[in-house]
Amino acid sequence: MTDDPRSAGAPTLEDVARAAGVSRATVSRVVNGVRNVDPVIQEAVRRAVSVTGYTPNRAARSLVTRRADAIALVVSGAGVEPEASR
């Protein structure tokens, strides 16, 4: 068994769409905050997201947006002892 929730059968966008009775595209629009979705349908999708436990895949999202939303920190000399303590 692995720690990856997706390999354990984590819900997909398609699972949410099936539970809400809407298309995959509609679920995508609701999850991504597009406003041209009927409020009743938005609520049905949000309920389905809650019931299924769906969470967006950040790796897949970064492929689409071409953004990782990560910050890197480079520290020069990390782990090097100071001259005086040698």
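Colleague: Quick one to start: is Arg29 buried, partly exposed or exposed?

Modeller: Keep in mind that this is a predicted model. In it, Arg29 has a relative accessibility of 32%. Buried means under 20% and exposed means over 50%, so Arg29 counts as partly exposed.

Colleague: Where in the fold is Arg29 found?

Modeller: Arg29 is in helix α2.

Colleague: And which residues is Arg29 in contact with, leaving aside its neighbours within four places in sequence?

Modeller: Arg29 is in contact with Val34, Asn36 and Val37.

Colleague: How far is Arg29 from Val45 in space?

Modeller: From C-alpha to C-alpha, the two are 10.0 Å apart. In sequence, Arg29 and Val45 are separated by 16 residues.

Colleague: OK, new topic. Which residues make up the largest nonpolar core?

Modeller: There are 10 residues in that core. Leu13, Val16, Ala17 and Ala20 belong to it, and so do Val27, Val30, Val37, Val45, Ala48 and Tyr54. The elements giving two or more residues to this core are α1, α2 and α3, with α3 running over 39-52.

Colleague: Which element gives the largest share of this core?

Modeller: That's α1, with 4 residues.

Colleague: Let's do charges. How many salt bridges does a search of the whole structure find?

Modeller: The search finds 4. One of them joins Glu14 to Arg24, with the closest N and O atoms 2.6 Å apart. This pair links distant parts of the chain, since Glu14 sits in helix α1 and Arg24 in helix α2, 10 residues apart.

Colleague: Which residue does Arg18 meet in a salt bridge?

Modeller: Arg18 meets Asp15, at 3.1 Å from N to O. Both residues lie in helix α1, 3 residues apart, which is about one turn of the helix. Arg18 counts as exposed because its relative accessibility is 61%. Asp15 has a relative accessible area of 25%, so it is partly exposed.

Colleague: What about Asp69, which residue does its side chain meet?

Modeller: Asp69 and Arg67 meet in a salt bridge, with 3.1 Å from N to O. Asp69 is exposed, with a relative accessible area of 58%. Arg67 counts as exposed too, at 55%.

Colleague: Last topic, pockets. What volume does the largest pocket have?

Modeller: About 320 Å³.

Colleague: How many residues line the largest pocket, and which lie nearest its centre?

Modeller: The lining has 15 residues, and those nearest the centre are Leu13, Arg24, Tyr54, Asn57 and Ala60. You've met some of these names already: Leu13 and Tyr54 are in the largest nonpolar core, and Arg24 is in the salt bridge with Glu14.

Colleague: Which helices each supply at least two residues of that lining?

Modeller: Those are α1 (13-20), α2 (24-31) and α4 (58-65).

Colleague: And how does the lining split by class?

Modeller: The lining of the largest pocket has 7 nonpolar residues, 4 polar ones and 4 charged ones.

Terms used:
Residues numbered from 1 in each chain as written. Predicted model: local features only at pLDDT ≥ 70, side-chain atom pairs only at ≥ 80, totals over all residues. Heavy atoms only, no water. 1 Å grid on protein atoms, 1.4 Å probe; cavity = no way out; pocket = protein on both sides within 12 Å on 5 of 7 lines; lining within 4 Å. Points joined across faces, edges and corners; volume = space filled by probe spheres on them. Nonpolar A, V, L, I, M, F, W, Y, C, P; charged D, E, K, R; others polar. Buried < 20%, exposed > 50% of the residue type's maximum accessible area, 1.4 Å probe, protein only. Core = buried A, V, L, I, M, F, W, Y, C linked by side-chain atoms within 4.5 Å. Contact = heavy atoms within 4.5 Å.
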